[in-house]
Amino acid sequence: MKNIVVFASGSGSNFQSIIDSISSGTLEATITGLITDRENIQSLDRAKFHNIPYSILSPTNFDYPQQYETKLFDVVNSYKADIIILAGYLKKIPNLIIEAYRNRILNIHPSLLPKYGGKGFYGKKVHEAVLNNGETVSGCTVHIVNEIYDDGPILGQTEVPVFDHDSTIDLAQRVLTEEHKLYPKVISEFLKTLF
Ligand code: GRF
């Protein structure tokens, strides 16, 4: 059984979809820890409810970046992570961790990368840009994380239609629904490729 460590900064609906996939048996893995950069987020409630160990590591509580990055690295290692899953984690992952877990960190992004990715494209900004550009198709992408935002090799994508009357919220919700199916599926396939 492989160990997953999840990083999240927000509601954690993707975190929940991973928990649910493990419970239903469609994803064979153990979530050994959740790491967040802030308190009072729904992701933490989900971890507590499911008895998943968690750590709150805010960069503001440490000498930044060195002490913070070392602490983060120590915590990931203490959870004995086989892979790291970014699920709406808004801080940049330190190079120290990217190097140590090379090709073992996955992220989900709410667009069809390489479109609408990179620094500044997060949350509703992605969907606003898609709508402003008159796209007729959007979607979500799971990719491997490297040192550049939203740049690593793509492991899976799902398309959704964009309608003329869509609000940012409509589109975000349509994409998120697909994220919840895509991410556990790609994680499951990815884990099978690891020794
Ligand atoms: C998702 O849209 C994901 O694509 C992006 O951050 C959002 C996280 O949502 N990386 P949630 O916290 O999993 O609900």
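This briefing covers the ligand site, the pocket around it and some backbone features of a predicted model. The ligand takes up the space of the largest pocket, which holds about 910 Å³. The protein chain also has cis peptide bonds at Tyr-64 to Pro-65 and at Leu-113 to Pro-114, and a positive phi at Lys-80.

**Ligand shell**

- The residues around the ligand are Ser-11, Gly-12, Ser-13, Asn-14, Gly-88, Ile-108, His-109, Pro-110 and Glu-179.
- By class, this shell has six polar residues, two nonpolar ones and one charged one.
- Two elements, α1 (13-24) and β5 (105-109), each contribute at least two residues to the shell.

**Polar contacts and cover**

- An oxygen atom of the ligand lies 2.8 Å from a backbone N or O atom of Asn-14.
- Ile-108 has a polar backbone atom 2.8 Å from a nitrogen atom of the ligand.
- At Pro-110, a backbone N or O atom is 3.4 Å from an oxygen atom of the ligand.
- On its own the ligand has 370 Å² of accessible area, and the protein covers 80% of that area.

**Largest pocket**

- The volume of the largest pocket is about 910 Å³.
- The pocket is lined by 37 residues, and those closest to its centre are Gly-88, Tyr-89, Leu-90, Tyr-122 and Gly-123.
- Two or more lining residues come from each of α1, β5, α5 (124-132) and α6 (168-192).
- The lining divides into 15 nonpolar, 15 polar and seven charged residues.

**Backbone features in loops**

- Tyr-64 and Pro-65 are joined by a cis peptide bond with omega of about 5°.
- Pro-65 belongs to the loop between β3 (54-56) and α3 (66-78).
- A cis peptide bond also links Leu-113 and Pro-114, here with omega of about 15°.
- Lys-80 is not a glycine, yet its phi is positive, at about 50°.
- The loop that holds Lys-80 runs between α3 and β4 (83-86).

Technical notes
Residues numbered from 1 in each chain as written. Predicted model: local features only at pLDDT ≥ 70, side-chain atom pairs only at ≥ 80, totals over all residues. Heavy atoms only, no water. Near = heavy atom within 4 Å. Polar contact = N/O pair within 3.5 Å; in protein donor to acceptor, adjacent residues only side chain to side chain. Areas by Shrake-Rupley, 256 points an atom, 1.4 Å probe, with all protein chains shown as cover. 1 Å grid on protein atoms, 1.4 Å probe; cavity = no way out; pocket = protein on both sides within 12 Å on 5 of 7 lines; lining within 4 Å. Sits in = over half its atoms within 2 Å of the grid points. Helix = DSSP H or I, 4+ residues; strand = E, 2+ residues; numbered from the N terminus. Nonpolar A, V, L, I, M, F, W, Y, C, P; charged D, E, K, R; others polar. Points joined across faces, edges and corners; volume = space filled by probe spheres on them.
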